[in-house]
Amino acid sequence: MTEPLVKVQDLQVHFPIQVHFLSREKPVVHALNGVDVEIDRGDAFCLVGESGCGKTTLGRTIMGLVRPTVGEISYDGERISGLRDQALLPYRRRMQMIFQNPYASLNPRMTVQQTLEEPLRFHKSELSDAEVREHTENVMVSVGNDPGWGSRYPHEFSGGQRQRISIARALMVDPEFIVADEPVSALDVSIQAQVLNLLMKVRKERQLTYLFITHDLSVVQHFGTRVAVMYLGTVCEMTTPKTLFATPRHPYSQLLLSAIPKLGRKTFVPVKVPGEVPSPIDLPSGCVFHGRCRFANERCKSQVPELKNYSGAQVACHAVEEDRL
Ligand SMILES: Nc1ncnc2c1ncn2[C@@H]1O[C@H](COP(=O)(O)OP(=O)(O)OP(=O)(O)O)[C@@H](O)[C@H]1O
Ligand code: SF4
Ligand SMILES: [Mg+2]
């Protein structure tokens, strides 16, 4: 068995929140509550789940932008969580991030050329000016951008063009692993497919590995090689998109999937999930989904289910384990 490129073990991230300075209370948001994930080289690993379930926090923690409260992250067999900034530097080149909003992620005061050169000058300072220019041109062409855009500023471009500039920026330092956090959801629907196709093309050409965060299950179906469904800071189910769409096993995955229209059906009735997502400040005991799950029993209220293997999928659910689902 080859070592996964990224291995996340029992990851917990708690964000302290401000209360009155005289208060003795020290509440925290439980953004991640014991996440185990393995991403193999070449994977397009998708993370899905409702808003606030911890997708961005997981991506940012893997990138070293958020410190884990508990747990470990390894990259290519080396533990990277807890490394100091200097020791993290080589990994910061190998791992890059693309953000949701290309309007906010590009510095409006820098030209396209400066934007693209910045990471290269930082990570490969030995390159000459001519080499930097040549590399910039090659990357711009490879993402379908006009290399003559260099002297222009981000505001001169459309959303799709800006996202292609952000992708070029991420590719400048020849990374192996890219965290793409909702990279198309801020774009016009007509442009989304173009940018997704570009991400797939560069993945193939450069043998990239992706952690792809999305709300959109059709993107998972189209793009993903593996998928993890998250709910309230935990992974409910992890498998291939094909298996998830054919036989979702976790009750939450089933509900999530029932909300998308089936091919050939003119109308669909989304299944209503009873209740609301509980607060990540006061987490429910046991399975975090128990208050909304029609299969919940006493064990579910007290014991946290672990991710276990069931031919072709890993699922964290007592009912699946007890074979009563
Ligand atoms: N810096 C922070 N301080 C306090 N709470 C935070 C912080 N960052 C995230 N959170 C909280 O952590 C939880 C997980 O947030 P996160 O942004 O990871 O969710 P998400 O799945 O990416 O949601 P979305 O789909 O809306 O982007 C949320 O309850 C959020 O409010
Ligand atoms: S562990 Fe229990 S509450 Fe949680 S999803 Fe499974 S059946 Fe429902
Ligand atoms: Mg997010």
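Which residues surround ligand 2?

## Surroundings of ligand 2

Ligand 2 is surrounded by P251, C287, F289, H290, C293, F295, A296, C300, P305, C317, H318 and A319, a residue being near a molecule if its C-beta atom, placed from the backbone, lies within 6 Å of it. By class, this shell has ten nonpolar, two polar and no charged residues (Ala, Val, Leu, Ile, Met, Phe, Trp, Tyr, Cys and Pro count as nonpolar, Asp, Glu, Lys and Arg as charged, and the others, Gly among them, as polar).

## Basis of the model

This is a predicted model, in which local features need pLDDT of at least 70 and side-chain atom pairs count only at pLDDT 80 or more, while totals for chains, interfaces and linings use all residues. Residues are numbered from 1 along each chain as its sequence is written, chains are lettered from A and ligands numbered from 1 in the order in which they are written.

Strand β10 (residues 234-239) has six of its six residues buried, that is, with 20 or more other C-beta atoms within 10 Å of their own, C-beta atoms being placed from the backbone. Strands here are DSSP runs (E, at least two residues), and helices are runs of H or I of at least four, both numbered from the N terminus.

Strand β9 (residues 226-231) pairs with β10 in the antiparallel sense over five bridges, where pairing requires at least two DSSP bridges. Within β10, M238 stands opposite A228 and also opposite Q314 in β12, the strand of residues 313-315 that pairs antiparallel with β10 over three bridges.

## Overall fold

The protein comes to twelve helices and twelve strands, and 40% of its 325 residues count as buried.

Conventions: Buried ≥ 20, exposed ≤ 12 C-beta atoms within 10 Å, placed from the backbone.
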